[in-house]
Amino acid sequence: MTYHQIIQLKNGASCCLRSGTAADGQAALDNFILTHAETDNLLTYPEENTLTATQEGEYLQAKTESPNEVEILAIVDGKVAGTAGINAVGGCYKLQHRAEFGISIAKEFWGLGIGQALTAAAPARSSRSTRKKAATRPA
């Protein structure tokens, strides 16, 4: 399931929240490296990244095609300003309710409402697909 929404930021600029694709690999990777260098409040440092742009693109495409995981990009003026994602903790039925949420916003875009919008969008997209899957599960 894909996600697409245009929001207006606090500074009046438009921001496109959308699912990532394989073509976004380099831009998303650049954003990852930048955001992980700008703050110590993320799980890793930029030099700990082992993905290539191609692998990042494959990751984004897989999340877009996933029925229960999501990675949403925030695009401002053609630039990836931030990302947010929900990753399943496990694949078995009893763990379907468990997930990890991650978010990062480039410092130049802090305070504009992107984080709040991504925080609302990722779980909303993910829970819709989970509810649909749970509702169609045979008894």
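Trainee: Where is glutamine 8 placed?

Mentor: Glutamine 8 belongs to strand E1, which covers residues 4-8. Please keep in mind that this is a predicted model.

Trainee: Is glutamine 8 buried or exposed?

Mentor: Glutamine 8 is exposed, since its relative accessible area is 62% and the threshold for that class is over 50%.

Trainee: And how far is glutamine 8 from leucine 112?

Mentor: Their C-alpha atoms are separated by 9.2 Å, although glutamine 8 and leucine 112 are 104 residues apart along the chain.

Trainee: Let me step back to the whole chain. How many helices and strands are there?

Mentor: The protein chain has three helices and five strands. Followed along the sequence, the pattern is β-β-α-α-β-β-β-α.

Trainee: What share of the residues is buried?

Mentor: Of the 139 residues in the protein chain, 39% are buried. As for contacts with a separation of 6 or more, 58% are between residues 24 or more positions apart.

Trainee: Which residues of the largest nonpolar core touch the most other members?

Mentor: They are Cys15, Leu17, Ile72, Phe109, Ile114 and Leu118, out of 21 residues in that core. Strand E2 (14-19), E3, E4 and helix H3 (114-135) each give two or more residues to this core. H3 gives the most, with five residues.

Trainee: What does leucine 17 touch?

Mentor: Not counting residues up to four places away in sequence, leucine 17 touches Tyr3, His4, Gln5, Ile7, Ile72, Leu73, Ala74, Ala117, Leu118 and Ala121. Another core lies apart from the largest one; it has six residues, among them Cys16, Ala28, Leu73 and Ile75.

Trainee: Changing topic: how much space lies in the largest pocket?

Mentor: The largest pocket holds about 680 Å³ of space. Its lining comprises 23 residues, and those closest to the centre are Phe32, His36, Tyr59, Asn87 and Gly102.

Trainee: Which elements supply at least two residues of that lining?

Mentor: Those elements are helix H1 (25-38), helix H2 (53-65), strand E4 (79-88) and strand E5 (99-105). E5 gives the most, with five residues.

Trainee: How do the lining residues divide into nonpolar, polar and charged?

Mentor: The lining of the largest pocket has nine nonpolar residues, ten polar ones and four charged ones.

Trainee: Staying with E5, is serine 104 buried or exposed?

Mentor: Serine 104, which lies in strand E5, counts as buried because its relative accessibility is 8%, and the buried class is under 20%.

Trainee: What does the side chain of serine 104 join in a polar contact?

Mentor: The side chain of serine 104 makes a polar contact of 3.5 Å with the side chain of threonine 35. Leaving aside neighbours within four places in sequence, serine 104 is in contact with Asn31, Thr35, Leu42, Ala81, Gly82 and Thr83.

Trainee: Leucine 42 is on that list. Where does leucine 42 lie?

Mentor: Leucine 42 lies in the loop between H1 and H2, and at 23% relative accessibility it counts as partly exposed. Beyond its neighbours within four places in sequence, leucine 42 is in contact with Thr35, His36, Ile103 and Ser104.

Trainee: How far apart in space are leucine 42 and glycine 102?

Mentor: The separation is 8.7 Å, C-alpha to C-alpha, for residues that are 60 apart in sequence.

Trainee: What about leucine 51, where does it lie?

Mentor: Leucine 51 is located in the loop between H1 and H2. Its relative accessibility of 33% makes leucine 51 partly exposed. Leaving aside neighbours within four places in sequence, its contacts are Leu29 and Glu56.

Trainee: Is threonine 39 buried or exposed?

Mentor: Threonine 39 is buried, with a relative accessible area of 16%. Threonine 39 is found in the loop between H1 and H2, and its side chain reaches the backbone nitrogen of asparagine 41 at 3.1 Å.

Trainee: Last one: what is the phi of aspartate 77?

Mentor: Aspartate 77 has a positive phi of about 50 degrees, although it is not a glycine. Aspartate 77 is placed in the loop between strand E3 (70-76) and E4, and it counts as exposed at 76% relative accessibility.

Key:
Residues are numbered from 1 along each chain as its sequence is written. This is a predicted model: local features need pLDDT of at least 70, side-chain atom pairs count only at pLDDT 80 or more; totals for chains, interfaces and linings use all residues. Side-chain values use heavy atoms; hydrogens and water are left out. On a 1 Å grid over the protein atoms alone, a cavity is a set of points where a 1.4 Å probe fits but cannot get out, and a pocket is an open set with protein on both sides within 12 Å along at least five of seven lines; lining residues have an atom within 4 Å of a point. Grid points are joined across faces, edges and corners, and a volume is the space filled by probe spheres set on the points. Helices (H or I, at least four residues) and strands (E, at least two) are DSSP runs, numbered from the N terminus. Ala, Val, Leu, Ile, Met, Phe, Trp, Tyr, Cys and Pro count as nonpolar, Asp, Glu, Lys and Arg as charged, and the others, Gly among them, as polar. Buried means under 20% relative accessible area, exposed over 50%, partly exposed in between (1.4 Å probe, protein chains only). A polar contact is a pair of N or O atoms within 3.5 Å; within protein, one must be able to donate a hydrogen and the other to accept it, and residues adjacent in sequence count only if both atoms are side-chain atoms. Contact means heavy atoms within 4.5 Å. A nonpolar core is a set of buried Ala, Val, Leu, Ile, Met, Phe, Trp, Tyr and Cys residues joined through side-chain atoms within 4.5 Å.
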